[in-house]
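The entries follow in the order of the look-ups.

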Amino acid sequence: MAKLKGYVEVNIGRCKGCNLCVVECPTDTLDLQPREVNDRGYHYAYMKNPDDCIGCANCGFVCPDGCITVYRKKVL
Amino acid sequence: MNVNDIVNPENLVYAKPALMNENHMHYCPGCSHGVVHKVIAEVIKELDLQEKTIGIAPVGCAVFAYKYLNIDWQEAAHGRAPALATAVKRLLPDRMVFTYQGDGDLAAIGTAETIHAANRGENIAIIFINNGIYGMTGGQMAPTTLSNMVTSTSPDGRNVKTTGGPLKMLNMLALLDGVCLATRVSVHTATAVKKTRRMIKLAFENSMAGKGTSIVEVVSTCNAGWKMTPEAANNWMVENMFPVFPIGDLKNI
């Protein structure tokens, strides 16, 4: 069966660490950086478990700041 | 599998809309305004109206909307966006004119303008962001504030006996003959965002087709004003706002 592999690219400078993408992610792929911050002082989102991403783009839809770009590819 | 195999333009499923520029948005983290801005940018691009759209910005947090979307904007005095939109649409009937207003703007100081523009059936789209308080000025009580809701000017909760109950603008507007679309949506989940996108697209199409006034109410959060995290604000909205402001179409002709 074909599987979907996704990749989430976060625009670190725009991210405000609101956590909405983390809540909306169905596969627990995303999380906020526990220590690192961007130059505005926000704990930005990153792919904590990149292998779990299915590229559903739910994170992108709910992101209020448009910092998320999602790619998806079918893997046989 | 290598990341570089996935990250290439042919696999792109979601990206920041092309009409939204690189300016850093001043909205608080998790604010619903950003999502609605994105949806508007996507719909305008999809309908290929970027050269024909004129947005009317309100007074409120979205007063700076012109900084974030690369379309033509005009700034209205507080509450007067539907009046200004009427003028723009009548003078330039081939343009798509929409107003973007909060509840303090549309439901308080601009009640008369909104109701009369809708009653005249002006061919404009009204995007109404309802978060139940005056977000920009520090979370004061608005006409749409829920009963017993604590705000900075109702510290003991809104008293229905002295200040009335939450004003349901959409239900009032849906009764008017000039209104062709009155719908209530939200943007707290991906599914809800997609629904909002469909309704805003329909509203913009109605404006171009001259069918009358379209009102899309987006039940939103103001996590800073409500003094909650964005996630808690979304849950609070589902629990408390939705029973008073139920999601769905009130009118769609």
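I looked up Trp236(B) and noted it as partly exposed, at a relative accessible area of 23% (buried is under 20%, exposed over 50%, partly exposed in between; 1.4 Å probe, protein chains only). The model is predicted, so I note that local features need pLDDT of at least 70 and side-chain atom pairs pLDDT 80 or more, while totals for chains, interfaces and linings use all residues. Residues are numbered from 1 along each chain as written, chains are lettered from A and ligands numbered from 1 in order of writing, and side-chain values use heavy atoms, without hydrogens and water.

Trp73(B) and Phe98(B) pair edge-to-face, at 5.5 Å between centres and 75 degrees between planes. Trp73(B) lies in strand S3 and Phe98(B) in strand S4 of chain B, 25 residues apart (strands are DSSP E runs of at least two residues, helices H or I runs of at least four, numbered from the N terminus). I recorded Phe98(B) as buried, at 0% relative accessibility.

Trp226(B) and Trp236(B) form a tilted pair, 4.7 Å centre to centre with 55 degrees between the planes. Trp226(B) is in helix H9 and Trp236(B) in helix H10, so the pair ties together parts 10 residues apart in sequence.

I then turned to Asn223(B), also in helix H9, and found it buried at 6%. Its side chain reaches the backbone oxygen of Pro29(B) at 3.3 Å.

Conventions. Polar contact = N/O pair within 3.5 Å; in protein donor to acceptor, adjacent residues only side chain to side chain. Phe/Tyr/Trp six-rings, centres within 6.5 Å; stacked < 30°, edge-to-face > 60°.
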